[in-house]
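Colleague: I am new to this structure. Could you take one part, the charged side chains that pair up along the helices, and go through it closely?

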Amino acid sequence: MTTTVPDPRTAAALAARHRSTDAALARVRGAVTRLRREKTQVSVAAVARRANVSRTFLYDHPDARAAVAAAMAEAGERRTQMVTDQDEAREATWRERALNAEDALKAAHAEILAQRTRIGELLGQVRDLEAEWTQEAIQRITTENTTLKQRVRQLTADNRSFDERLKAARSNLRFQDRRVADLEAQIAAPAGKSEAP
């Protein structure tokens, strides 16, 4: 078997192509890493845009295709795990709400039972009170109540009248006090004048 030595220009072209491919692969890996870090959806189009390579390059080159496929699989698993975690959190929240609702329902039933018991006791007391009073007693108490109300109205009117008379007497007293003070001043004034010379 003979090996052919490539032409130096061909070798240089092949080396340049390998360097270009390696640089493109490095950009693809960097783009995949950035997309993962940013938690952005990984797709062939997104990697091609970020790495500035063609989609054909990503499909044709096995290393690039494997890197994109691994990133997409990891993103899918992460998305699935996130959805699972959200479902579990929702289920836990609903479970907690259901337990709280059961506790509240038990408390409400206990309160209703206590209120019904209290209402029954009060109704029994009302019936006992109604049984103690005869129709004549109720009529007598109603009449006395009416008489007392009339008496209260009369006393209120009397009180108002007395209050007005008291105010008038106080006003007269103040007037008389001022009159007495004026007379005392008049009496004291001539005596003061006669003593002065």
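Modeller: Glu-121 and Arg-118 lie 3 residues apart in helix α4, so about one helical turn separates them. This is a predicted model, and in it these two side chains form a salt bridge whose closest N and O atoms are 3.5 Å apart. Both ends are partly exposed: Glu-121 has a relative accessibility of 44%, and Arg-118 has a relative accessible area of 43%.

Helix α4 also holds Arg-90 and Asp-87, which are 3 residues apart and thus separated by about one helical turn. They form a salt bridge, with 3.0 Å between the closest N and O atoms. Arg-90 is partly exposed at 46% relative accessible area, and Asp-87 is partly exposed at 39%.

In helix α5, Glu-144 and Arg-140 are 4 residues apart, again a separation of about one helical turn. Their salt bridge has its closest N and O atoms 3.4 Å apart. Glu-144 is partly exposed, with a relative accessible area of 41%, while Arg-140 counts as partly exposed at 45% relative accessibility. A search of the whole structure finds 4 salt bridges, these among them.

As for rings with rings, the whole structure has 0 aromatic pairs.

Between α4 (62-132) and α5 (135-195) is a loop, and Trp-133 is placed there. Trp-133 is partly exposed, with a relative accessible area of 42%. Together with Leu-129, Ile-138 and Ile-141, Trp-133 makes a nonpolar surface patch of about 360 Å².

How values were computed: Residues are numbered from 1 along each chain as its sequence is written. This is a predicted model: local features need pLDDT of at least 70, side-chain atom pairs count only at pLDDT 80 or more; totals for chains, interfaces and linings use all residues. Side-chain values use heavy atoms; hydrogens and water are left out. Patches are made of residues with over 30% relative accessible area and no salt bridge: like charges are joined within 9 Å, nonpolar side chains (Val, Leu, Ile, Met, Phe, Trp, Tyr) within 5 Å. Accessible areas come from the Shrake-Rupley method with a 1.4 Å probe; for residues, only the protein chains shown count as cover. Helices (H or I, at least four residues) and strands (E, at least two) are DSSP runs, numbered from the N terminus. Buried means under 20% relative accessible area, exposed over 50%, partly exposed in between (1.4 Å probe, protein chains only). Rings of Phe, Tyr and Trp (its six-membered ring) pair if their centres lie within 6.5 Å; planes under 30 degrees apart count as stacked, over 60 as edge-to-face and the rest as tilted.
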